Amino acid sequence: MIDRIVIIGGGISGLAAAHRVTELNRSAHVTILEASDRLGGTIQTEHRDGFLLERGPDSFISEKPHALALTKRLGLESQLIQTNEEFRRSFIVRHGRLRAVPEGFQLMAPSRMLPFITSDIFSFGGKARMAADLILPRRNTNGTTDESLASFVRRRLGQEALARMAQPMVGGIYTADPETLSLRATLPRFLDMEQKHRSLILAMMRQGRAQKSGTSGARYSLFVSFNQGMQALVDPLTRIRADLRVKTRAQRVTCDRGWRIYTDQNEEIKADAVCLAVPAYVAASLLSDIDARIAEKLRAIKYASTATINFGYKRAAIKHPLNGFGFVVPLIEKRSLIACTFSSVKFSGRAPQDHVLLRAFAGGALQPEIFALDQTEMAGRVEADLRELLGISEDPRFIEVAKWERSMPQYEVGHLDRVSEIVRLASELPRLSLAGNAYHGAGIPDCIRSGEAAAESLLNHRASD
């Protein structure tokens with residue numbers, strides 16, 4: 001019997017795990033131990049002077065079902081909002097100017113030729129090299145071969161496509177180095193496209209035609225949020241029937257005829273089962289005395305640090321029309337920010353009338369020196385870039401900085417094999433499960449799926465005992 005379950009980590013993964021346990025087994029006693037002073041991890045919404053600020057993620061992707069399904073089970077579906085239909089496009093910085101991403105361009109390859117040919121993002125030579133994808137042969141693989149984003153894009157589309165599009169668009173999503181980012185772990189569909197269609201461009205064009213002739217029935221837009229911010233997803237999860245403890249750090253765990261967790265509050269907590277919903281390096285530290293092999297594998301997952309910086313402006317102070325959702329910045333532009341979202345354009349209710357909310361991102365795997373700056377210096381550098389890129393003529397009404405140290409796991413080449421070995425080793429430990437963004441996806445739906453799967457795994461142990 002598993003009656004006492006301890007979940008270490010109170011971010012969205014740990015909360016999802018706890019909620020799933022209480023859904024499936026009302027008799028289980030669930031305890032969450034969270035080291036910080038609040039639950040929810042990086043999901044933090046603040047209200048300031050009529051602005052709605054997201055210190056962490058501002059939305060989730062609705063194509064992955066787990067976040068949407070949880071939203072419905074929590075009774076939050078009526079609070080969902082979609083992105084602004086009028087401005088569903090983005091920009092890329094080239095030579096200090098924002099250039100519109102060509103219509104039909106998806107992350108690294110075009111699905112429509114005319115917008116691509118007329119785009120001013122790429123040089124004539126760069127476009128010619130990208131078009132060579134139409135005649136290049138496929139690389140013969142067994143379907144499971146891994147490759148870095150940089151290697152794949154150079155091979156199929158050329159160096160300019162990597163530097164001007166793939167690095168800022170794909171690398172920006174994962175705040176990663178494209179030279180080490182695993183394509184199989186992050187965007188396997190592009191590898192599959194090569195095997196099935198040979199050419200990425202041909203594959204994209206065929207998919208574009210299929211979608212036009214396409215699907216029926218109501219669909220949510222690609223990204224959705226809540227009218228009162230992403231905190232709306234966290235709050236009901238903190239009201240579940242469980243013992244929720246903040247400012248309580250698990251310092252050591254042992255496993256000998258049951259689990260014991262030792263905290264910085266001088267507590268010893270006994271448990272029948274444990275879920276580690278913490279970063280891989282924290283899980284490694286907790287498990288190092290129990291199994292050095294799994295600890296070594298967990299430590300091999302590297303992390304990057306990122307910062308989110310919210311700026312509130314008067315609309316009249318910004319010259320740019322803000323006719324999109326935001327922009328990304330190639331590393332070769334030598335700027336202080338990775339990207340910027342026009343938050344009050346992307347979602348309604350994010351800024352007062354005649355005002356604008358901008359959300360910039362800094363740091364990541366490629367610019368750790370920017371993250372290392374103190375908040376004032378970092379915000380000043382990013383503000384200076386925004387002034388130049390968007391034609392801003394006034395100081396912001398406010399600047400709000402959130403720094404997230406070692407928050408983004410790096411899915412490097414070989415990641416899937418590494419995670420498979422971690423899962424195998426974890427299965428050898430009694431009634432232990434792992435959850436979080438380090439294993440099978442870094443987005444909110446991935447984290448929820450991870451937490452719920454961890455909970456179900458522990459309860460399945462109970463059923464088999």
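Which residues form one aromatic cluster? Select F105, F116 and F122 and you have the cluster on screen. Rings of Phe, Tyr and Trp (its six-membered ring) pair if their centres lie within 6.5 Å; planes under 30 degrees apart count as stacked, over 60 as edge-to-face and the rest as tilted.

Before moving on: this is a predicted model, where local features need pLDDT of at least 70 and side-chain atom pairs count only at pLDDT 80 or more, while totals for chains, interfaces and linings use all residues. Residues are numbered from 1 along each chain as its sequence is written, and side-chain values use heavy atoms, leaving out hydrogens and water.

Next, pick F60 and F226. The structure holds 8 aromatic pairs; in this one the ring centres are 6.1 Å apart and the planes sit at 45 degrees, so the pair is tilted. F60 is in strand β5 and F226 in strand β11, so the pair ties together parts that are 166 residues apart in sequence. Strands here are DSSP runs of E, at least two residues, numbered from the N terminus. F60 is buried, with a relative accessible area of 2%, and F226 is buried too, at 0% (buried means under 20% relative accessible area, exposed over 50%, partly exposed in between, with a 1.4 Å probe and protein chains only).

Now for charges over rings (NZ of Lys or CZ of Arg within 6 Å of the ring centre and within 35 degrees of the ring normal). Show R252 with Y262: the charged end of R252 sits over the Y262 ring, 4.3 Å from its centre. Then try K346, which lies over the face of F223 at 5.4 Å from the ring centre.

How values were computed. Helices (H or I, at least four residues) and strands (E, at least two) are DSSP runs, numbered from the N terminus.
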